[in-house]
Amino acid sequence: MAIFKLNVNGQTKDVDALPDTPLLWVIRDNLQLSGTKFGCGMAQCGACTVHLDGTAIRSCSIPVSSIGERSVVTIEGISDGTTLHPVQKAWIETNVPQCGYCQTGQIMSAVALLAKNPTPTDQDINNAMSGNLCRCGTYERIKKAIHSAAKISAQ
Amino acid sequence: MNTLVEESKIFKVSRRDFIKSTSVGLSGLMLGISFSCTDSKKLLGDPNARFAPNVYISIAGNGLVTLIAHRSEMGTGIRTSLPRIIADELEATWNMVKVEQAEGDEKYGDQNTDGSYSVRMFFVPLRKAGAMARTMLEQAAAKEWNVDVSSCKAKDHEVVHTSGKTLGYGYLAGKASTLPLPDEGTLKLKDPADFKFIGKQFSIVDLEDIVTGKAKFGMDTVVPNTKVAVIQRSPEAGVGVKSFNADAAMKVPGVTKVFKIDPPGFPTAFNKALGGVVVVAENTWSAMKGRKELTVEWEKGNNADYTTSTYIADMMKRAKTKGKVRRDNGNVDKAFSESTKILEAEFIVPTLSHASMETPTAIASVTGSGCEVWAPVQDSQNTRKSVADALGMDVKNVKVNVTLLGGAFGRKSMPDFVVEAALISKEIGSPVKIVWTREDDIQHDFYHSPSAQYMKVGINKDNQVVGWLHRSVFPPIMGTVMSDANEPAGFELSLGMIDMPYVIGNVRCETHVAPTRTRIGWLRSVCNIQHAFAVCGMIDEIAHARGVDPVQNIMDLIGEDRTIDFKTFSEEVANYNEKQEDFPWETARFKKVVTTAKEKSNWGKQLPKGSGQGIAVHRSFLTYVACVVEVTVGDNNKITINKVDYVVDCGIAVNPERVKSQFEGGASFSTSIAMKSEITIKNGATEQSNFHNYLIARMTDAPLETAVHIIESDGKPTGAGEPPVPPFAPALCNAIFAATGKRIRQLPIKLA
């Protein structure tokens, strides 16, 4: 085991973990932030999506030892606790979730997309979101909600 | 669907069920609502007062209403819809309602969240539960005012007297709690015209928690001092460990114990731990890493040579020979001999896995006094019983807390993974969380059965369909429990085969033996998947053989408006556990969804070359569904699903918004079945392991647009979770035929 200093949601945290522990399990087991989900463990489903220096990454497939000083943001870190992020607002307005399990990963991918591309086309959305699986099949509403979030953000 | 096997205890409201509950706790929920309190408008009562006339409802002196969601939430919105039914009859104000999840306990009635029957079974009982509380609040107000109860009417969390004075539910709670329970027969249910929640769109109670990451699924439960366990299970279902070496695993930091659980043998049953080598660790990663270091040698069982490719080929061989007759009307052989056209077709649907996004997981804590579990389970009562059996405990000493389910689709109706957690906790003497990796999930599922079907249809010189022979071969679900269950059961054939409704003079349905050789279970809509694929595909083939438009062909074959009596088909036909007189098979409703789909889809519209429309219509879970798919097949055989139109008659839609979401999602779920997913088993071992080789639809595969049209109805509510699935794949394949002239009779679709 080894101690790693991580910058998660703007706070510095010391975690004690095996160096090859995927960031996902450090977030979930050590930091007890359970909004980031386990789905496949091999970067196939996107349920574990977080932001690393603003880029959406699959936290199940990156070891904690490689994070260094880069900033990690999880679903718990995208809003300040009182005001929701425009993407979260759009998700609520569109009633996107069914079971809800994959949705935090979907939202993290959508937030990263909109940060880089404030007015994505359907094709842009497909490209950014096709790594996120939803077994309930909420894809149409996800697409709708991303367009709607783009509008909310533009206001 | 388990209810078809284990006779369902259909919950009837009776005084016995309306035992005053003591289990309903009220946690301090601060509501930003101010109350005025004058003589003419008393809203609040004794803060400690509690009025709980039945197990589903508790009203506190502060006016807060706690409603129990007793069935499991896996994405259908049931945790919201059922409390809304109660709240409507109760005349509660929704922002004064808190929803609490029930633990597994018989006092709540049936909790097996399966078979799309939650609303169907509980619509009336929950209305009565709400009406009972409302009636007693009105009686309490009448007593307080010393007036006749007929002059008091509950509305929006208050009881209003004809004079205009009002008393709040909080004020009345303590007073109502002292009144005798009224007779069920005296309760007056609301006129549906006065419904304020039922039939209206509304959002689920967990919505904000889900989008902020606060929602707690099974994987998210935290219990202090919980260890994490993973299990290396045998590739062949149900066989045991011959030997194992844990030396390397024990060297992984964090690993605390390695031991084996004995297997159940085969058949495995639904609720027994599969057995294997257990790795227990301080955290999830150490457990997973430790498991990779194991060396295990497995026993060989009777299914070590089970290979699905040869198994399916063998089933198809048998399907082409005379089988056991399960429905026989008229004389199909004679009809064929008198036919001028004969159609024959073979249909194959592969083994499928549920692959819910949250893999099976549970926490169990076994102590000297009992066992408490926290788990995402569809059937909390059976979970409780199964854990009690496995531990040799009285069920009274087992407590099952139900979390949100991160998808389930039938997988989590089997509590085997909870039993694993309980056995491990007992062994190690501390709470433990069992985690299934995706590989565990894909390789050790209770799969949807692989199937082979043969169909033969005869058309006479007058262009009428006169003969229908359908043979269906697949290993039955009950083969997972009993080795002598080796041929499809009547309830499985009633899912789309022997309940075939079309007016054809001579019909015979047959089956063959097909032993179950791995764990088989229920997947969303179950045998309707393969039966609707064959039947709705064949109906389209008939249309083309007859030279009739596919919609017109369906209308020709279904015949005049009438109620079908299944007993004229076969004694074996079941009606989703309901009496025919309560939920009759009505051809007019079937026709209405077809004609509506024709209109809404702009059926027959001009489409460019390479594009086409297909239709399929199917009744399942007592719900009538027509599905029109519009598809484009590109030069590279790339399939684009441009538009799906679903027309749904599910009686009263309690929450039309969630019915729509079930169908939108159902289209995507079915796209996986139609185009992506296939489990193959070789020498007893599943060949797929994760989402790179067990494919499910991604955003780029899913339909571009799904329109859901709900037929206005005041009929009894029926299912919404499973009915989207059966007609989708055949509608898609029929559309591909319209677009390309290629007939698809095997899933997943391979065009190249």
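User: A residue is buried if 20 or more other C-beta atoms lie within 10 Å of its own, exposed if 12 or fewer, and partly exposed in between, with C-beta atoms placed from the backbone. Which residues of helix 4 of chain A are buried?

Analyst: The model is predicted: local features need pLDDT of at least 70 and side-chain atom pairs count only at pLDDT 80 or more, while totals for chains, interfaces and linings use all residues. Residues are numbered from 1 along each chain as its sequence is written, and chains are lettered from A and ligands numbered from 1 in the order in which they are written. Helices (DSSP runs of H or I, at least four residues) and strands (runs of E, at least two) are numbered from the N terminus. In helix 4, residues 122-129 of chain A, the buried residues are Ile125(A), Ala128(A) and Met129(A).

User: Within what arc do the buried residues of helix 4 of chain A fall?

Analyst: The arc is taken over the directions from the helix axis to the C-beta atoms. The buried residues line one face of helix 4 of chain A, because the arc that holds them, seen down the axis, is 85 degrees.

User: What covers the buried residues of helix 4 of chain A?

Analyst: Two residues are in contact if their C-beta atoms, placed from the backbone, lie within 7 Å. The cover of these buried residues includes two elements of chain A, helix 3 (103-116) and helix 5 (139-154).

User: How many residues of chain A are in contact with chain B, and how do they divide by class?

Analyst: On the chain A side, 44 residues are in contact with 49 residues of chain B. Helix 1 (23-30), helix 2 (86-93), helix 3, helix 4 and helix 5 of chain A are the elements that give two or more residues to that side.

User: Which strand gives the most to the side of domain 1 of chain A that touches domain 2 of chain A?

Analyst: Domain bounds come from an automatic or database domain assignment, and chain A is divided into domain 1 (2-77) and domain 2 (86-154). Their C-alpha centres are separated by 21 Å, and the contact takes 15 residues from domain 1 of chain A and 12 residues from domain 2 of chain A. Strand 3 (49-52) and strand 4 (55-58) of chain A each supply at least two residues of the domain 1 side. The element that gives the most, with three residues, is strand 3 of chain A.

User: How far apart do the centres of domain 2 and domain 3 of chain B lie?

Analyst: Chain B is divided into domain 1 (2-211), domain 2 (218-302 + 360-435) and domain 3 (320-353 + 446-740). The distance between the C-alpha centres of domain 2 and domain 3 of chain B is 37 Å.

User: Which residue stands opposite Phe51(B) in strand 3 of chain B?

Analyst: Two strands pair if DSSP finds at least two bridges between them. Strand 2 (residues 50-54) and strand 3 of chain B run antiparallel and are joined by three bridges, with a hairpin of two residues between them. Both faces of strand 3 (residues 57-60) of chain B are covered, with Ile57(B) and Ile59(B) buried on one side and Ser58(B) and Ala60(B) on the other. The residue opposite Phe51(B) is Ile59(B).

User: Is Phe621(B) buried or exposed?

Analyst: Most residues other than glycine have a negative phi. Phe621(B) is not a glycine and has a positive phi of about 50 degrees, and its place is in the loop between strand 25 (611-620) and strand 26 (623-633) of chain B. Because 25 other C-beta atoms lie within 10 Å, Phe621(B) is buried.
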